[in-house]
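Keep the 3D view open as you read.

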Amino acid sequence: MISFKNFINFFKKSSNKEIQLVSLFLTQVIILVFIMFVVVLYFWIKREYSNLRSEISDIQRNYIESQKENIKRETERAVSYINFNIQQTESNIRSSLKNRVDVAADIALNIYNENSDTKTVTEIKSLIIDALSPIRFETTGSRYFIGNLSGKIDLLPEYEGKNSYHGQDEISNMAIQDILNIIRVEKEGFVSNYPTKPGGDTITGSKKLTYVKLIEPLNWYIGASEFYNNFNASIQQEVLLWLSNYRFDNEGYIFVNTYDGDALLINGEIFLKGKNLWNLEDDPNGIKVIQEERKAIKNPDGDFIYYSWRQSTNDKIGQKMSFVKGIPQWKWIVGAGVYLEEINQVLDAKEAELKKVILKDIIFIIIWLSILFTLIYIFALYLSRKAQNNIQSFIRFFNVASSENILIDESSINLTEFKAIASSANKMISEIKLSKERKQEKEAHYEQLFEKSPEAIVYLNARGNIQKINTSFTKLFGFNNSEIADKTLDDLIVPPELKKEALLINKNFLEGSTNQIEAIRTTKNKEKVYVSIVGLPVKLYDKPIGYYVIYRNITDQKEFEQQLYTSMIKAEESDRLKTSFLTNLSHEIRTPLNAIIGFSTLLNSKEFPIEDQKEYLRLMANSGRLLLEIIDNIIDISKIESSTLIINKTKSNFNTMLDELLIEFTELKNNMDLTNIELKLNKEIKEKELFILTDLKRLKQIFSNLLDNAFKFTESGLIEFGYHVQNKNLVCYVKDTGIGIEEKDQEFIFDQFRQADESSTRKYGGTGVGLALCKRLVELLGGKLWVESKKNEGSKFSFTISFDLIKPEKKIKPKVAFKDNVDWSSKKILIAEDVEANYKLLYTFLEKTKVNIFWAKDGKEVLRMVEKEPNYDLILMDINMPIMTGHDALEKLKESGYKIPVVAQTAYASDDQRYEMQDLGYSDYILKPITFQVLLQKISKFLN
């Protein structure tokens, strides 16, 4: 037996002596195991210590981040609640004022209707004043007021009998004039001003909202007003009460201070007055908390602050982290905080716990390693003794190995005894082993090539029966070896209609006369796949004994080729349609331009009778209208394609819109001298007013396009349009007795740039976008559009829109057109316009009003003229000008402090672009092309 003493003596031997196998085995095993145990123990202890520090660091970081997230979330939740109440305040004030004034207006109209036949207007007004003057509003004690259109107040104690037309509030707003402007233009609406609140601040004034409504029979308006502060105080008190009861994380509170340092809410306690924190220094470092909060709220998204604060539980000063955010409308600072000392307790407890666990694990692993080391040592001794007893048997093994072709690596053997045996054995079996290896190598190459090939391969015998398949065949067709062994391949994967063809192919494969084909085959699940097929015969002594068939899945390739072909056809069709559209568009634009340019040239070249001049001008106006309609249609279809067209549904009088269309197209029919065509309107609901919720502009555009088409393709007969009610939809239609549309062409007439007749010599004009635009507009309104037509019998275009009957609003008298005798001789208007023709048009319009007109050709010239003469009453500003644009000029005027009203001249028709005008600071805008009446309506607001 080998003892521990033998193990020690092993190291005392000379290095040049031969080494015994037993001693070498025992020594190396013990050394290796000991080193391994020491290394494992060292790295394990190092890793555990590193994990301890990392875990403590993660706990500290995650705790702080989680607390940050928590207090930020709670603060933003409180701010959201406050903002919600602020928004509700505005909405509630507006709703309350409108409801009150509507009630007062109903009372006044009822008194008027009941007494108009028996009493004078003065007596009726006295009755109304007697009915309304005692009324007070519950929440604020406000009351009604009544005024006439000259600025005199008839009901409001401190103003009764006075004319306040020129009265101003604390920020120079002309309150009565603003009210009268609303009454004259809109008949009713809201007005904001900043008068001095009774009993309040006498310097700055308070924001006040007023709602007024016209009482037309009496030439009166009735109104009611409220100060925002009257509502804010109660809303703020409710908000503080709610926040005082709000808790998070058991003891978490929301605190609220004012910008000036007044504490409103601390630790759930509400302070109405008396506690100011501006100079409070609870922080030992002298940090003033309110000043830090004021710095933090400069960030609109809020920010974190760090300071010391007295804890509510133990009255000790502790390091605290808070998140604060400002409420500018109320000048409040809202926040929530957490004490950071809590994390030290958590970290100390966690560190102590982890150290105990690591110490316990170290002791545990040392014990087990010691036990394992002892067992390995005992086992090594056992193996060495066994090796010593069986050394002769081991030598005999080498002799046996030589006969079984087992090669031994001599370079890896250091023992003298075994080197001689290994050398002898290798010499005897070298040739035998080399021969076997060559054979096995060929077989391995074949198996790997067959099984691992990415192509599906099957081997068949000369009769066509399956002998073997690879994995790729199973993946492609779904069959495995056990399912199809010795079966006929054609019965499994060849479709019935291709079996004769497959039989011929297999025969050619066996003979080697066919290289590659493409065909359709079926899988186990009867799914068809396109495959490329290659066949290779196998011969023995020049006689075929079977053949391989290789399949490659080309389904994706075939589908891609088909997609390419389809895409090519679509691209060619799209290119053809766009070319046709551009040709048509050129023709359609040039036609009205030809009339405009031609007649304008005629009128300039010689004198014509007045009637001829009127006729030429009428034709020029019609051509301009047609040109504008073409441009609008192209712009609208572009907006729809880019998803920027806005549908604006409002309460609209549908029947009135149809009556307007009847008048417009009757006039168009008369102007075009279409006496052979009868135009008829059919309305199922006969009342004058039919109010529905829709976008009346787009609905009228749909009808106009369809009616234009009807007139274009109808030479004589009847054009009828109208609607009928079906369930909760209005089914609208335009019907004609024109040329009709062939059934094969009805499939694509709603496609962009498509027309039933696309030849270059067609009789009728058009760009090919009208019906496509109608279809998309109908779909945006929630309906559908379709056509019923027969060649040479006429067409009927129908579409649906949702039908929700709305109670009609009170009638509003139309605006009165301005007369030609307006006298603005005391006013000055500066026209900023770089195009001479546009300036002359505006000059011609305004010349009749006797206003003093000045012309600037670019933005820089506007600035020079205003600097020289700052007393202009109005500037008509074109947007796109050279050197300096209208926008830049307006910005410079605002920066210099000029308060001259500026009205933009714009061709931008979209709602977004109009809103942009208001945001940039324009007083108003006027849309090109400009008409005389619209121009005077716009500028009268600033000159009258």
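**A helix pair and a sheet**

Helix α17 passes helix α18 in a left-handed crossing; left-handed means that the near helix is turned anticlockwise from the far one by less than a right angle, right-handed that it is turned clockwise. Helices here are DSSP runs of H or I with at least four residues, strands are runs of E with at least two, and both are numbered from the N terminus.

The model is predicted: local features need pLDDT of at least 70, side-chain atom pairs count only at pLDDT 80 or more, and totals for chains, interfaces and linings use all residues. Residues are numbered from 1 along each chain as its sequence is written, and side-chain values use heavy atoms, with hydrogens and water left out.

Two packed helices are described by the angle between their axes and the distance between the axes. For α17 (residues 696-712) and α18 (residues 770-780), the axes come within 10 Å and cross at roughly 150°. Axes are lines fitted to C-alpha atoms, for helices over the stretch in contact, and angles run from 0 to 180 degrees between N-to-C directions. α17 and α18 are therefore roughly antiparallel to each other (over 145 degrees; under 35 is roughly parallel, 65 to 115 roughly perpendicular, the rest oblique).

Which residues of α17 and α18 make the contact? α17 brings Arg698, Gln701, Ile702, Asn705, Leu706 and Asn709. α18 brings Gly770, Leu771, Leu773, Cys774, Leu777 and Val778. Contact means heavy atoms within 4.5 Å. In α18, Leu771, Ala772, Leu773, Cys774, Leu777 and Val778 are buried (under 20% relative accessible area; exposed is over 50%, partly exposed in between; 1.4 Å probe, protein chains only). Just after α18, Gly782 takes a positive phi of about 90°.

Now the sheet. Its 5 strands run in the order β2-β1-β5-β4-β3, open and with antiparallel pairing. Two strands pair if DSSP finds at least two bridges between them. β2 (153-155) and β3 (188-193) stand at the edges with a single partner strand each, so one side of each has no neighbour in the sheet. Neighbouring strands are turned by 30° against each other on average, direction ignored. Helix α4 (residues 175-186) packs on the sheet and touches β1, β2, β3, β4 (208-215) and β5. The direction of α4 makes about 160° with that of β3. Within the sheet, β1 (residues 144-148) and β5 (residues 220-227) pair over 5 bridges. Asn148 has Trp220 of β5 as its bridge partner.
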